[in-house]
Amino acid sequence: METHNSNLGRSLFAPFSLAAGAAVLFLFFLHNRIRQSKSTRRLPPGPRGWPIIGNILQIGPSPHKNIILLQRKYGPLIWLKLGSVNTLVIASAQAAKEMFKNHDQHFCDRHRNETMIRDDGSHNGTIGLSDYGPQWKMMRRLYATELFTKKRLNDTTHLRRKCLDQLIKWVSDEAKHNPGKSIEVAKYVYAAIFNMVGDLVVSKDDLAHPEFIVTNVFFNTTADIIEVMALPNVSDFFPIVRPFDLQGLKRKTEYKEKIARKIIRTFIEERRQRGVNPQHFQEKDLLEVLLDFEGNGKDEPSKISELYLETFLLKGITRETLDMDEKIRLTVRRANPLKCLYNVEAA
């Protein structure tokens with residue numbers, strides 16, 4: 001009799017547990033929908049998304065084209081949900097102007113991908129990734145007063161000219177060695193930009209050579225960091241899975257960054273042992289500016305820490321190289337390269 005009652009209790013417990021679990025899930029879903037409906041009353045218009053993935057499929061592999069279509073339907077401000085991340089798209093120059101003019105402090109912090117964030121906070125050592133605050137203001141002042149002044153730009157014209165001449169020589173030599181064949185200009189442009197930025201940052205114009213890229217550890221490592229950071233990462237769309245690093249992108253970035261930081265430390269130690277930079281007596285490079293920095297010790301550090309110093313230099317080289325490479329690519333596309341090639345061959 002007791003065995004019969006025990007079996008009966010277990011048989012009733014299973015459907016009761018299932019029904020209770022379903023009821024809890026339903027209430028949680030209902031509560032979440034009510035909360036979302038209240039919070040979206042004053043949000044900009046946007047397309048309805050799919051459960052879990054949101055509007056990712058509607059953005060697709062060509063977001064610049066699909067956002068134009070969404071702008072025609074929803075206007076200059078579009079509210080999207082990419083995975084579980086709320087996203088505001090500003091799709092007009094007038095709306096962007098109003099945002100940066102009237103709401104600049106609310107939007108001044110840059111959204112950081114998961115591969116850019118470091119547990120030790122070293123990502124705050126560069127102006128591109130740091131939160132708005134005393135550290136950011138200190139770095140902005142360094143850029144404005146030491147690096148991007150009119151005199152500074154004029155004094156470093158010969159450095160940019162030297163790297164451009166080097167680029168022309170590389171392409172010319174390649175054309176002579178392989179007559180009648182197409183030339184992959186991209187690798188020469190990237191190597192030349194990398195050397196130019198390296199010269200401005202640490203006074204080294206031989207960090208890369210297009211024909212010896214395989215043996216150039218620093219060039220390869222920074223290129224790998226840039227490539228990994230640009231890859232889509234599921235952790236950016238679903239923050240709940242960030243601790244698991246499902247694609248291993250953050251682990252790979254941190255591993256490559258350790259190699260690059262080790263090389264950066266050799267540059268710093270070499271400069272400290274050497275003292276004054278013998279190549280540029282009249283002007284300072286970025287490394288000398290950072291080493292000579294003296295803050296007030298109140299709302300800014302009296303000296304830049306070793307960790308931030310390495311980050312400043314590493315991100316300065318990689319990010320400036322990436323930005324300049326993209327600008328040159330856009331310039332070449334706008335210049336109609338096919339027409340230029342046709343004119344050269346016709347001549």
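Modeller: We can go from the overall picture to the cores, then to a helix pair and the strands. Keep in mind that this is a predicted model.

Biologist: Fine. How many helices and strands are in the secondary structure of the chain?

Modeller: There are 14 helices and 2 strands.

Biologist: And what percentage of the residues count as buried?

Modeller: The chain has 347 residues, and 33% of them count as buried. The chain exposes about 22700 Å², with carbon and sulfur atoms supplying 60% of that area.

Biologist: What about contacts between residues at least 6 apart in sequence, how many join residues at least 24 apart?

Modeller: Of those contacts, 58% do.

Biologist: Now the inside. Which residues touch the most other members in the largest nonpolar core?

Modeller: F218, I264, L290 and L313 do, in a core of 42 residues. Elements giving two or more residues to this core include helix 5 (134-147), helix 7 (157-177), helix 9 (217-229) and helix 11 (249-274).

Biologist: Which helix gives the most to this core?

Modeller: Helix 8, with 10 residues.

Biologist: Going back to I264, what does I264 touch, leaving out residues up to four places away in sequence?

Modeller: I264 touches F218, E310, L313, L314 and I317. Another core lies apart from the largest one. That other core has 7 residues, including I78, L82, V89 and A91.

Biologist: Let's switch to the helix pair. At what angle do helix 9 and helix 11 pack?

Modeller: The angle is about 145°, and their axes are 9 Å apart. The crossing of helix 9 past helix 11 is left-handed.

Biologist: Which residues of helix 9 meet helix 11?

Modeller: On the helix 9 side they are V217, F218, T221, D224, I225, V228 and M229. Their counterparts in helix 11 include L249, K252, I263, I264 and F267. F218 and I264, listed here, are also among the residues that touch the most other members of the largest core.

Biologist: Last topic, the strands. Over how many bridges do strand 1 and strand 2 pair?

Modeller: Strand 1 (residues 77-82) and strand 2 (residues 85-90) pair over 6 bridges, in the antiparallel sense. For instance, L80 has T87 as its bridge partner, and L77 stands opposite I90.

Biologist: What sits between the strands in that hairpin?

Modeller: There are 2 residues between them, and G83 in the hairpin takes a positive phi near 70°.

Biologist: Which residues of strand 1 are on the covered face, and which on the uncovered one?

Modeller: I78, L80 and L82 form the covered face, while L77, W79 and K81 form the uncovered face. I78 and L82 also belong to the core of 7 residues.

Conventions
Residues numbered from 1 in each chain as written. Predicted model: local features only at pLDDT ≥ 70, side-chain atom pairs only at ≥ 80, totals over all residues. Heavy atoms only, no water. Helix = DSSP H or I, 4+ residues; strand = E, 2+ residues; numbered from the N terminus. Buried < 20%, exposed > 50% of the residue type's maximum accessible area, 1.4 Å probe, protein only. Contact = heavy atoms within 4.5 Å. Areas by Shrake-Rupley, 256 points an atom, 1.4 Å probe, with all protein chains shown as cover. Core = buried A, V, L, I, M, F, W, Y, C linked by side-chain atoms within 4.5 Å. Pairing = 2+ DSSP bridges. Axes fitted to C-alpha atoms, helices over the stretch in contact; angles between N-to-C directions. Left-handed = near helix turned anticlockwise from the far one by under 90°.
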